[in-house]
Amino acid sequence: MSMSDMRARRGGKKAFLFNMIIVGQAGLGKSTFINTLTNHPTIPKRQCDDPAQCTLEKTVDIQAYTVETDEDGMKMQLTVVDTPGFGENIDSSTHFNEILSYIEHQYDDVLAEESKIKRNPKFQDSRIHVLLYFIPPTGHALREIDIELMKRLCGRVNILPCIAKADTLTPKELAAFKMRIMEDIAVNEIQVFDFPCDENEDDDETMQENLELRSLLPFAVVGSDDTLLVNGRTLRARQYPWGIVEVENMKHCDVAQLRSVLLSTHVQELKELTHDVLYEAYRSEKLSQLEGLAEKLAELNMQAQEQQPGSV
Ligand SMILES: Nc1nc2c(ncn2[C@@H]2O[C@H](COP(=O)(O)OP(=O)(O)OP(=O)(O)O)[C@@H](O)[C@H]2O)c(=O)[nH]1
């Protein structure tokens, strides 16, 4: 779909449903980022008076939060699925399996609904349209765990890689880190959502915008729960002894562009890719598995009948 079509759709009365999941190591600022993105305390802060206890009070369950957004005239009902951060000591394969089964479970629900003779008019499609993968700001390269997780999930969900806490890197470090991450993604054949362009469908403006967005990958993210007064304007920002990092300032990070992608310009495309490509692949895999099982059962039945006394 072209950007102009997308814009033509904006301002419609019906709120768009969009579902995202956020994944990454513990303490990378996932909850803070969601509240920054939605400009709302979508994920409640954990109440904790005792700093010693605070570190123990992490996100422990996969949990969905829904919030209304209105970005650039595009109204949406956004559901964000927050996942527990994984760490060095956690068995990562269990963690990956939980995320994968959560994503597949939403596909199963749709598959079951599609197979009903009488559909439920109130059925809510909770398929995940995008996964934000938070990479720690090590400044080196992707870790094995990042590669493994993205490899396992990329056939099931659109992945957008993000560098968490990008304010901890200098601009030079950030640029080099971005380059190495994209090299690792290519070498390991990880399919991420890279703003594909279609010469036959997209107009020049869309192609240009997509190429610019692609060049930003992975998005440099900064989140903050605080607002500060900067030159007479109240802004979401992080304050340090040496200065201020403004969340919406494109010179400081890529949050402004990422917000626009996630809440407006690329919502339709991510939904279409989820339905037409990812869900379709899952559906046919599932159905051929069922077909294989049915054939096996029929074969076993036939053998059982042949072995019955009196059968010819
Ligand atoms: N420097 C920096 N710190 C951040 C940023 N975003 C969040 N933080 C801080 O990082 C800490 C953890 O933030 P959370 O949002 O709770 O992290 P989380 O990933 O949701 O944590 P889990 O739920 O435990 O996985 C908090 O002290 C935040 O203030 C950021 O962009 N830059």
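The model is predicted, so local features are described where pLDDT is at least 70 and side-chain atom pairs count only at pLDDT 80 or more, while totals for chains, interfaces and linings use all residues. Residues are numbered from 1 along each chain as its sequence is written.

The protein contains nine helices and nine strands; both are DSSP runs numbered from the N terminus, helices being H or I with at least four residues and strands being E with at least two. Of its 312 residues, 31% count as buried. Here a residue is buried if 20 or more other C-beta atoms lie within 10 Å of its own, exposed if 12 or fewer, and partly exposed in between, with C-beta atoms placed from the backbone. Contacts are counted where the C-beta atoms of two residues, placed from the backbone, lie within 7 Å. Among contacts between residues at least 6 apart in sequence, 72% join residues at least 24 apart.

Turning to the sheet, six strands form an open arrangement in the order S2-S3-S1-S4-S5-S6, and their pairing is mixed. Strand S2 (63-71) and strand S6 (219-220) stand at the edges; each has a single partner strand, so one side of each lacks a neighbour in the sheet. Two strands are taken to pair if DSSP finds at least two bridges between them. S2 and S3 run antiparallel and are joined by nine bridges, with valine 67 partnered by leucine 78 in S3. The hairpin of S2 and S3 has two residues between the strands, and in this hairpin aspartate 72 takes a positive phi near 60°. On the other hand, strand S1 (residues 16-24) pairs with strand S3 (residues 74-82) in the parallel sense over seven bridges, and isoleucine 21 stands opposite valine 81 in S3.

Phenylalanine 16 lies in strand S1 and is partly exposed, because 18 other C-beta atoms are within 10 Å. Leaving aside neighbours within four places in sequence, phenylalanine 16 is in contact with Met74, Lys75, Met76 and Val267. For lysine 75, the C-alpha to C-alpha distance from phenylalanine 16 is 6.4 Å, across 59 residues of sequence.

Helix H4 (residues 92-114) packs against two helices described here. Axes are lines fitted to C-alpha atoms, for helices over the stretch in contact, and angles run from 0 to 180 degrees between N-to-C directions. Angles under 35 degrees count as roughly parallel, over 145 as roughly antiparallel, 65 to 115 as roughly perpendicular and the rest as oblique. With helix H5 (residues 144-153), the angle is about 30° and the axes are 10 Å apart, so H4 and H5 are roughly parallel. Ser92, Phe96, Ile99 and Leu100 of H4 meet Ile145, Leu149, Arg152 and Leu153 of H5. With helix H9 (residues 267-307), H4 makes an angle of about 70°, the axes being 10 Å apart, which means that H4 is roughly perpendicular to H9. This contact joins Glu104, Tyr107, Val110 and Leu111 of H4 to Tyr279, Tyr282, Arg283 and Lys286 of H9.

Finally, asparagine 200 sits in the loop between helix H6 (171-187) and helix H7 (204-216). Asparagine 200 counts as exposed because 4 C-beta neighbours lie inside 10 Å.
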